[in-house]
Amino acid sequence: MTDLSKYRNIGIFAHVDAGKTTTTERILKLTGKIHKLGEVHDGAATTDFMEQEQERGITIQSAATTCFWKDHRFNIIDTPGHVDFTIEVYRSLKVLDGGVGVFCGSGGVEPQSETNWRYANDSEVARIIYVNKLDRMGADFYRVVDQVRNVLGANPLVMTLPIGIEDDFKGVVDLMTMKAWIWDDSGNPENYEIVDIPADLQEKAEEFRAAMVETAVEQDDDLMEKYLEGEEPSEDDLKRCIRKGTIALDFFPTFCGSSFKNKGVQLVLDGVVDYLPSPTEVEPQPEVDLEGNDTGNVAIVDPEGPLRALAFKIMDDRFGALTFIRIYSGRLEKGTTILNTFTGKTERIGRIVEMHADSREELTSAQAGDIVAVVGMKNVQTGHTLCDPKNPATLEPMVFPDPVISIAIAPKDKGAAEKLGIALGKMIQEDPSFRVETDEDSGETIIKGMGELHLDIKVDILKRTHGVEVIVGKPQVAYRETITQRIEDSYTHKKQTGGSGQFAKIDYVVEPGEPNSGYQFESKVTGGNVPREFWPAVEKGFKDSMDRGVLAGYPCLDFKVTLMDGGFHPVDSSAVAYEIAARAAYRQSMPKAGAQLLEPIMKVDVFTPEDHVGDVIGDLNRRRGMIQGQEAGATGVRIKAEAPLAEMFGYIGDLRTMTSGRGQFSMEFAHYSPCPRNVADDVIKEAQERNKK
């Protein structure tokens with residue numbers, strides 16, 4: 001029986017390039033999990049084991065690993081920073097108890113940090129903050145702390161101060177013990193000494209320590225009183241209060257260092273042990289029934305309870321499909337049978353393994369609090385709940401965003417078609433934000449994702465991992481349609497062929513709904529002109545039609561149908577007749593109701609050196625972008641804008657040209673907005689030509 005209070009399930013998340021993977025490498029080295037450090041820029045980092053990750057120097061999929069520090073077991077997930085892969089961050093946060101938010105000392109709070117922070121707030125995950133890269137040009141710890149306060153609206157509780165900055169960064173002041181940790185230049189993390197605080201930092205350290213103590217004792221009224229009477233709290237009391245406040249999300253202990261130079265990481269590990277919650281200290285997962293309604297029960301973290309586990313990631317590797325699961329309650333034993341509440345089918349647990357990036361260790365059982373992988377599960381997908389067949393329950397499922405960009409792909413040679421189908425099937429299971437469909441008219445295979453880089457990597461994985469070469473079409477935007485006017489209309493469906501015929505008459509109102517309201521249906525029929533049992537058929541007819549808009553065949557959003565009246569025939573009326581009438585009514589009325597094309601608008605965040613701000617803003621304006629604001633930083637300017645996705649293809653190349661290779665940008669979906677007339681006309685014309693083919 002393991003002691004759950006010694007478990008820490010943590011994720012490391014940050015903006016692309018803030019140093020998450022390097023920090024993970026340092027943690028693995030310090031905890032004795034690896035003996036030689038691998039560097040991201042050499043493509044040798046332990047958790048970046050995909051070829052695509054090693055080449056591009058970015059993390060694409062979250063990697064899981066386990067290590068030990070001061071008798072505590074850490075299950076660590078290194079998540080990607082790039083906006084196209086936030087789905088990995090989201091689903092990792094969903095199953096973690098705590099997180100380490102890494103911020104770059106010179107870049108500060110960058111766009112992706114904001115998105116990840118928002119996800120972590122939504123999942124109510126306790127976090128500590130680590131300001132990394134203080135050895136970099138333009139690094140400023142205090143500026144980043146202010147940004148955390150102002151940009152993220154969070155409350156950073158400073159626990160360490162930097163000694164020296166940029167090239168002179170040599171150590172940190174620990175405000176808890178009021179001692180300085182100084183590292184030598186050997187690059188060995190163990191080569192440090194603990195000395196008195198340098199005289200020039202003494203005053204600053206005392207000021208920050210006083211602020212830390214004041215914030216901490218607010219968590220305990222008795223300590224607060226004693227402190228106001230002049231009694232200094234003990235180290236244990238302080239740690240207890242900071243732990244309480246961190247778990248309640250009142251503040252976030254903030255550390256600093258340089259992972260690349262091996263300075264300051266030990267204190268972050270101590271912070272994880274001291275302040276982040278164990279599995280038993282977080283809010284238990286709510287359970288829902290099969291319809292998704294809250295049952296009022298929760299999965300209490302207890303190895304003796306009924307089994308409750310959530311599959312949060314599927315990965316295909318050379319040994320077969322791996323299903324990563326977080327166990328919330330009960331035990332998972334090798335050879336037992338479990339129930340998947342989503343499919344209603346049982347599965348037998350074959351091999352249970354503990355992952356270390358892409359190598360593994362066999363286990364015979366796992367228990368509440370563990371994050372493990374199971375080999376060879378057949379029908380489990382991300383977000384499915386696995387439970388005890390005798391005591392079933394469903395955990396709150398995950399919600400994934402819809403893709404905004406699609407491209408057509410085709411295998412280079414005819415023989416690879418079957419191989420392509422199998423490969424895409426595996427990839428859909430691994431990544432819920434990646435979708436595949438076949439265009440009914442052209443028979444093309446369309447892949448959909450969260451951005452250009454997302455699809456670019458998918459095509460690369462097809463080629464390298466699955467050995468399928470594909471021809472890639474031009475990126476397509478996921479347009480939508482809606483209506484702008486209220487219209488009253490009527491439709492009668494009559495068909496007479498020998499024997500009983502078909503008859504359905506409906507009088508209805510179609511009107512625009514509120515943004516994001518989706519499709520709504522209401523019946524105001526009185527007097528039985530359309531019998532109640534046929535109302536669902538009318539609702540279904542309209543609902544099934546909304547996937548295909550009347551302008552260019554894109555799905556139709558946000559409209560309401562009200563069934564006002566109608567007519568029926570005692571013999572010839574049937575549910576099928578009313579459904580056919582509703583489908584025809586949709587085609588008849590939508591063009592009259594001011595149909596309009598909507599396009600996806602992206603939130604764009606551009607970083608550029610100061611000399612090129614004018615060029616970048618001018619270029620965004622040409623792309624129909626709306627500038628929302630700009631702020632100057634130490635190394636350049638951040639421009640926030642909203643721009644239509646259709647205008648942003650290939651933007652990275654143009655941005656690099658404009659900024660001599662120094663510009664960076666990230667974008668994520670913001671909302672749908674009406675298309676300008678000239679753009680809409682082109683899109684509709686293109687759709688009509690496609691349909692002719």
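Lys495 has its bridge partner in strand E32, and that partner is Gln502. Helices (H or I, at least four residues) and strands (E, at least two) are DSSP runs, numbered from the N terminus. The model is predicted: local features need pLDDT of at least 70, side-chain atom pairs count only at pLDDT 80 or more, and totals for chains, interfaces and linings use all residues. Residues are numbered from 1 along each chain as its sequence is written, and side-chain values use heavy atoms, with hydrogens and water left out.

Stay with strand E32, which covers residues 502-512. Nine bridges join E31 to E32, and the two run antiparallel. Glu488 stands opposite Val509 of E32. Val509 also has a bridge partner in E34, namely Thr562. Eight bridges join E32 to E34, again in antiparallel fashion. Two strands count as paired if DSSP finds at least two bridges between them. Strands of a sheet pair through backbone hydrogen bonds, either parallel or antiparallel.

Now take the whole sheet. Four strands form an open sheet in the order E31-E32-E34-E33, and the pairing is mixed. Strand E31 (487-495) and strand E33 (519-523) are the edge strands, and each pairs on one side only. Neighbouring strands are turned by 25 degrees against each other on average, direction ignored.

Two helices pack on this sheet. Helix H12 (residues 535-545) touches E32, E33 and strand E34 (559-567). The direction of H12 makes about 155 degrees with that of E33. Helix H13 (residues 575-589) touches E31, E32 and E34, and its direction makes about 40 degrees with that of E32. Axes are lines fitted to C-alpha atoms, for helices over the stretch in contact, and angles run from 0 to 180 degrees between N-to-C directions.

Which residues does His493 contact, leaving aside its neighbours within four places in sequence? They are Gln502, Phe503, Ala504, Ala577, Ile580 and Ala581. Contact means heavy atoms within 4.5 Å. His493 lies in strand E31. His493 is buried, with a relative accessible area of 11%. Buried means under 20% relative accessible area, exposed over 50%, and partly exposed in between (1.4 Å probe, protein chains only). The side chain of His493 also makes a polar contact with the side chain of Gln502, at 2.8 Å. A polar contact is a pair of N or O atoms within 3.5 Å; within protein, one must be able to donate a hydrogen and the other to accept it, and residues adjacent in sequence count only if both atoms are side-chain atoms.

Arg587 is found in helix H13. Is Arg587 buried or exposed? At 56% relative accessibility, Arg587 counts as exposed. Arg587 and Arg548 are 39 residues apart in sequence and 9.6 Å apart in space, C-alpha to C-alpha.

Four bridges join strand E9 (residues 179-183) to E10. Ile182 stands opposite Glu193 in E10.

Helix H8 (residues 235-247) and helix H9 (residues 265-275) pack at an angle of about 80 degrees, with their axes 9 Å apart. That makes H8 roughly perpendicular to H9. Angles under 35 degrees count as roughly parallel, over 145 as roughly antiparallel, 65 to 115 as roughly perpendicular and the rest as oblique. Lys239, Ile242, Arg243, Thr246 and Ile247 in H8 meet Val273, Asp274 and Tyr275 in H9. The residues of this contact divide into four nonpolar, one polar and three charged. Ala, Val, Leu, Ile, Met, Phe, Trp, Tyr, Cys and Pro count as nonpolar, Asp, Glu, Lys and Arg as charged, and the others, Gly among them, as polar.

Finally, the protein as a whole. Its secondary structure comes to 16 helices and 38 strands. Buried residues make up 54% of the 693 residues.
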